Amino acid sequence: MKVDLNQVEEACRELYIRALKMLPPDIKQGFRRLDSSETNATGKAILGTMIRNIAVAEDTNNLLCQDTGIPIYNVTIGSNVIVDGYALKQAIVKGCARATKEHPLRSSVVHPTTRKNEHTSCGRHVPVINIDFVPAADILAIEMIPKGSGSENNSWLKMAIPADGIDAIKTFVVDCVLEAGGKSCPPVIVGVGVGGTADLCVHLSKVAATRPLGSVCADPEGAKLEAELSAVVNQLGVGAQGLGGDSTAFAVHVETAATHITMNPVAVNMQCHSARRARATFTPQGVGYGY
Amino acid sequence: MAHYELNMPVTEEQVRQLRINDTVTLHQTLYGIRDATQIHMFDHGRKTRFDLKGHAVIHTAPNVKWVGETKEHPSGYAPICIGTTTSARMERFTRPLMEQYGVRIVIGKGGLFAASAKAFSDLGGVYLAIIGGTAALETTWIEQIEEVDLDDLNPESLWKFRIKGFGPLLVAMDSHGGSLYTAVNSAAKDRRAGVLAALGVKS
């Protein structure tokens, strides 16, 4: 399958806008679940406002949240796909900049030291583009995630040691949830990376934080850990917006990687309740949009 | 728990009657302010031409569209999506905002800390919590972007909004030392040991 890069550029423009306006069904379901079990009156009122906001965004064709985030494009390429990888990246950047100019969207991206905003949502190494490959398939998939700063500013890495064991991982996650409080716009998805190198561990925490609700870690040990943490995280009582109650997190997600015999790294990355993502899938039949 | 409808600007007396868990809806005028706005005002010595005395500021950087100055859009900007950012980063600006400009109300999400609580208490101010991430709804409470200052910092300009029924917002920090965040955080820390025990963590 040969990929039409004009189509990719167009889709990357469309994906940014779609992601900002339409919340995925699994997140909406997550809201219904938390709302039905919330026992705190303030928490209940806050969840009600959040659910109403999802409807207002759809009815008024507006953005769910003003934070257009740092744009992330996750690309999956099937092995039967023929594409110029460099040109693909250029098409993604162009689509991202066009969404910003043409909608228009607030460009939330600045140079890290001069703080200069090019008003394109683009800059050095931004949008973030991650590329992965899948076997024997006529498919190119692009997932777009506008990652909000309120949650992204609540990110941590701890290079724990083997002697600290899994207890260090669990304690670190609990302490990060407490440290984040209301700053990460809860209810959140707590993304946890376990293992790897320092950079891989942080990357895994982002993968975990942006995974659909209801999905399970492919590593059975990671799945066990995320189930344990998910079962107790809401007992902390941080609550929606950090104002108390049972809705601190939709879930805790864990992703794992093999690590060094001397290492026990753990990273946490939060995803806010506006857990936005959108997906375009290119096949020989054309382009399809989803989440 | 009382509800107040406030026409902006307000007096110190009006602000001091507000207590945590009260709700407030604002009318007429609201100013938008953010990290860069305040860094430039308080660290780089820049001044705004706006009179913020007795007013409310909201921690925001909106999505806007330049449409040119018209009667409907006197600032030249049409609002697209206006929401609220995390307040914690702007903690150190609460006192200068109040002392130098007479600001009485700070609106944001996630709460502020001890230095702001002290400023609210000393000078007569409150923090109103808005629900973060509900910008589509918040935008429907804004009628117009009346004026803009320090616009070279766009989108972190100083925005003057005309509002109608902006709220209800929750009084989360008051001028009497009350803070819902302190209460919730302290209770959550007390539950830490129980949660770690439930996870089988050996102390």
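**Strands, helices and the A–B contact in a predicted model**

User: Which residue stands opposite T76(A) in strand 3 of chain A?

Analyst: In strand 3 of chain A, T76(A) has A141(A) opposite. This is a predicted model, in which local features need pLDDT of at least 70 and side-chain atom pairs count only at pLDDT 80 or more, while totals for chains, interfaces and linings use all residues. Residues are numbered from 1 along each chain as its sequence is written, and chains are lettered from A and ligands numbered from 1 in the order in which they are written. The residue asked for is A141(A).

User: How many bridges join strand 1 of chain A to strand 3 of chain A?

Analyst: Strands (E, at least two residues) and helices (H or I, at least four) are DSSP runs numbered from the N terminus, and two strands pair if DSSP finds at least two bridges between them. Strand 1 (residues 70–78) and strand 3 (residues 140–147) of chain A run antiparallel. The number of bridges joining them is eight.

User: Which strands of chain A stand at the edges of the sheet?

Analyst: The sheet is open and mixed in its pairing, with five strands in the order 2-1-3-8-9. Each edge strand has a single partner, so one side of each is left without a neighbour in the sheet. The edge strands are strand 2 (128–134) and strand 9 (286–290) of chain A.

User: At about what angle does helix 1 of chain A run to strand 3 of chain A?

Analyst: Helix 1 (residues 5–21) of chain A lies across strand 1, strand 3, strand 8 (278–283) and strand 9 of chain A. Axes are lines fitted to C-alpha atoms, for helices over the stretch in contact, and angles run from 0 to 180 degrees between N-to-C directions. The angle to strand 3 of chain A is about 40°.

User: How many residues does helix 6 of chain B give to the side that touches chain A?

Analyst: Residues are in contact if their C-beta atoms, placed from the backbone, lie within 7 Å; on this basis 42 residues of chain B are in contact with 43 residues of chain A. Strand 4 (63–66), helix 5 (135–139) and helix 6 (180–198) of chain B are the elements that give two or more residues to the chain B side. Helix 6 of chain B gives the most, and its number of residues is 12.

User: Are helix 3 and helix 4 of chain B roughly parallel or roughly antiparallel?

Analyst: Helix 3 (residues 94–101) and helix 4 (residues 114–123) of chain B pack at an angle of about 25°, with their axes 8 Å apart. Angles under 35 degrees count as roughly parallel, over 145 as roughly antiparallel, 65 to 115 as roughly perpendicular and the rest as oblique. T94(B), R95(B), M98(B) and E99(B) in helix 3 of chain B meet A115(B), S116(B), A119(B) and L123(B) in helix 4 of chain B. The two helices are therefore roughly parallel.

User: What is the radius of gyration of chain A?

Analyst: The radius of gyration is taken over C-alpha atoms, and the globule rule is 2.2 Å times the number of residues to the power 0.38. With 291 residues, a compact globule would have a value near 19 Å, and chain A agrees, at 19 Å.

User: Where is P104(A) found?

Analyst: Most peptide bonds are trans. A cis peptide bond, with omega of about -10°, joins H103(A) and P104(A). P104(A) is found in the loop between helix 4 (85–102) and strand 2 of chain A.

Methods:
Two residues are in contact if their C-beta atoms, placed from the backbone, lie within 7 Å.
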